[in-house]
Every structure is written in C-alpha cells, then in structure tokens.
Amino acid sequence: MSEILNFHFDVDGDDFTSAGKASVQVKKNLRQLGLPPEIIRRVSIAMYEGEINMVIHAGGGKADVNVTEEYVEILLCDNGPGIKDVEQAMQEGFSTATDNIRSLGFGAGMGLPNMKRYSDYMDIKSKVGEGTDITMRVNIN
Amino acid sequence: MKINTIKDLLNADIICCEDGLEHHVYSACGSDMMSDVLAYVKDQAVLMTGLVNSQVIRTAEMMDMKCIVFVRSKLPTAEMIELAKDSGIVLLATSKRMYEACGILYSNGLVGNRARNV
Ligand SMILES: Nc1ncnc2c1ncn2[C@@H]1O[C@H](COP(=O)(O)OP(=O)(O)O)[C@@H](O)[C@H]1O
Ligand SMILES: [Mg+2]
C-alpha cells in the first residue's frame with residue numbers, strides 16, 4: 001500500500017473537557033492499522049501534548065495526521081497568539097500557563113520538549129498575532 | 001500485583017471495567033499533574049491521582065495505562081467513566097490520601113520504576 005492515509009480533526013478551543021479527543025481517535029485508528037505499540041505510543045503522546053497546547057494556548061485549531069509507509073506525520077495548525085520566542089518555549093519548564101490551567105493538571109512547561117523527544121522530526125513555524133504551525137514525524141521503521 | 005489486590009489493599013470501590021481486575025501490573029505512579037505524567041512516566045500501568053477531569057482518563061489512555069485510582073474520595077464524572085469504559089481502563093476510588101495509598105502499594109511490592117525486560 002503506497003497511498004497516504006489522512007485523518008483530519010477540528011480541535012475545539014472553547015471546551016477543555018474535550019481536549020485530547022482527536023489524539024484518542026488517532027490512537028484507535030493507528031491500532032486498527034496494526035502499527036507497532038511503541039510507535040503508536042510516541043505518536044499519541046506527541047499529538048496529545050500538541051492538541052492540549054492548541055486548546056490552552058491558542059483557542060483551538062486543526063489537526064491532520066498522515067500515515068505513509070515510512071512515518072506518521074502530525075500537522076497542528078492554529079490561529080492563536082503565536083510563540084514569541086520558540087527557543088525559549090522549547091526549554092523544559094518554560095510555561096506561560098495560568099494557575100487555572102495548572103489546577104487542571106497542565107502547564108508544567110514539558111509539552112514542547114516532550115513532543116520533540118517523542119518525534120523523529122519536529123518543526124515549529126510561529127508568528128506572533130498570526131498563529132502556530134507544528135509538524136512532527138515519527139518514523140515507522 | 002493483580003489490580004484486584006490493589007483494590008483490596010486500598011479498600012477501594014470499583015467504578016468501572018471490572019473485567020480488568022485480573023490483570024497484572026508491575027509499577028505505579030502518583031500525580032495530580034498530567035503534564036508530569038506525560039513527561040516522566042514510562043511503563044507504569046497504574047496512575048494514582050486526586051485530579052478529576054477528562055484529561056486524566058485521556059492521559060492514562062495515551063500512556064497505555066491499565067488502571068486509575070482516585071484518592072481522597074474523589075469520584076470521576078459520568079463522562080469520565082464513559083471514556084474509561086471505551087478504553088478499557090479500570091477505575092478505582094479510595095478514601096485514602098495520596099501519600100498513604102502510594103505507601104501501601106509500594107510496601108506491598110508495587111514499585112515506582114521497573115527495569116525494562118524483567
Ligand atoms: N499552539 C501554541 N500557541 C501559542 N503558544 C504556545 C503554543 N504551544 C506552546 N505555546 C507556548 O509555549 C509554552 C511552552 O509550551 P509547553 O512546553 O507545552 O508547556 P505548557 O503547555 O505546559 O505551558 C507555553 O506555555 C506557551 O507560552
Ligand atoms: Mg503544553
């Protein structure tokens with residue numbers, strides 16, 4: 001099979017309760033495709049962190065997952081406030097999350113570093129006032 | 001340790017997915033910060049937490065965990081229970097506090113970190 005499978009999701013930014021829905025669905029889909037559990041776990045965690053970020057920092061966005069023979073690609077796209085200093089945002093522990101977010105269990109500043117750790121390739125394009133596009137790939141072999 | 005033993009040791013109530021009680025688990029973690037669970041947990045199959053929201057269930061699902069224990073008499077919402085059922089994650093609830101609940105399981109052999117391939 002050389003065709004690319006695509007899963008698309010609109011990520012609702014107004015409802016914290018539903019954050020992570022897309023990632024749970026992707027995990028199910030990847031299991032159905034029979035991908036190795038370790039690959040599925042890495043994709044799941046990376047996408048979940050990214051999806052949560054879109055909800056808590058950017059007011060929602062869009063997520064696309066492409067599955068090719070070589071890798072699983074996660075594209076996250078939002079029209080949120082953007083990231084002023086990506087290098088700083090990538091530091092472990094750096095977070096602009098409010099106490100309210102922390103009381104919900106998030107905002108430790110480990111999301112972006114975690115996404116980097118679990119993916120084989122990660123690219124962040126962000127512009128203040130315009131939004132953030134993140135591409136991650138997890139190699140299958 | 002069987003999940004059923006966890007239930008007995010913590011005097012916990014089963015909230016859903018009874019079928020999973022016979023599963024064996026080898027390590028656990030305790031946290032109210034899902035961010036930390038996502039960043040630091042490796043193979044731990046049990047999550048002890050005092051946090052109650054849907055992200056607790058989704059985080060456990062992302063980490064391939066088998067069981068969540070709610071401490072301090074916290075109870076999950078109906079929506080959380082549905083999510084857990086969908087993922088086959090056993091939910092337990094105990095009146096014990098985090099420190100005590102973790103201590104009981106640890107001293108009965110459920111460690112925090114298990115070397116891989118053992
Ligand atoms: N999609 C996004 N839009 C705007 N800012 C973001 C986005 N994702 C991350 N950030 C910024 O990068 C910081 C670090 O992100 P992360 O490592 O996930 O930590 P946390 O989410 O716990 O704050 C966030 O606090 C936020 O300032
Ligand atoms: Mg984050």
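**Entry 1**

I located Arg72(B) in the loop between strand 4 (67-70) and helix 4 (78-87) of chain B; helices (H or I, at least four residues) and strands (E, at least two) are DSSP runs, numbered from the N terminus. Arg72(B) is not a glycine, yet its phi is positive, about 55°. I then turned to Cys17(B), in the loop between strand 1 (13-16) and strand 2 (28-30) of chain B. The phi of Cys17(B) is also positive, near 65°, and this residue is other than glycine. I noted for reference that most residues other than glycine have a negative phi.

**Entry 1: the model**

I recorded that this is a predicted model, in which local features need pLDDT of at least 70 and side-chain atom pairs count only at pLDDT 80 or more. Residues are numbered from 1 along each chain as its sequence is written, and chains are lettered from A and ligands numbered from 1 in the order in which they are written. The model scores ipTM 0.95 and pTM 0.96.

**Entry 2: ligand 1**

I next listed polar contacts, pairs of N or O atoms within 3.5 Å. An N or O atom in the side chain of Asn53(A) is 2.8 Å from an oxygen atom of ligand 1. For His57(A), a polar side-chain atom lies 2.8 Å from an oxygen atom of the ligand. Leu112(A) uses its backbone instead, with an N or O atom 2.9 Å from a ligand oxygen. Taken alone, ligand 1 exposes 520 Å², and the protein buries 95% of that (Shrake-Rupley method, 1.4 Å probe).

How values were computed. Heavy atoms only, no water. Polar contact = N/O pair within 3.5 Å; in protein donor to acceptor, adjacent residues only side chain to side chain.
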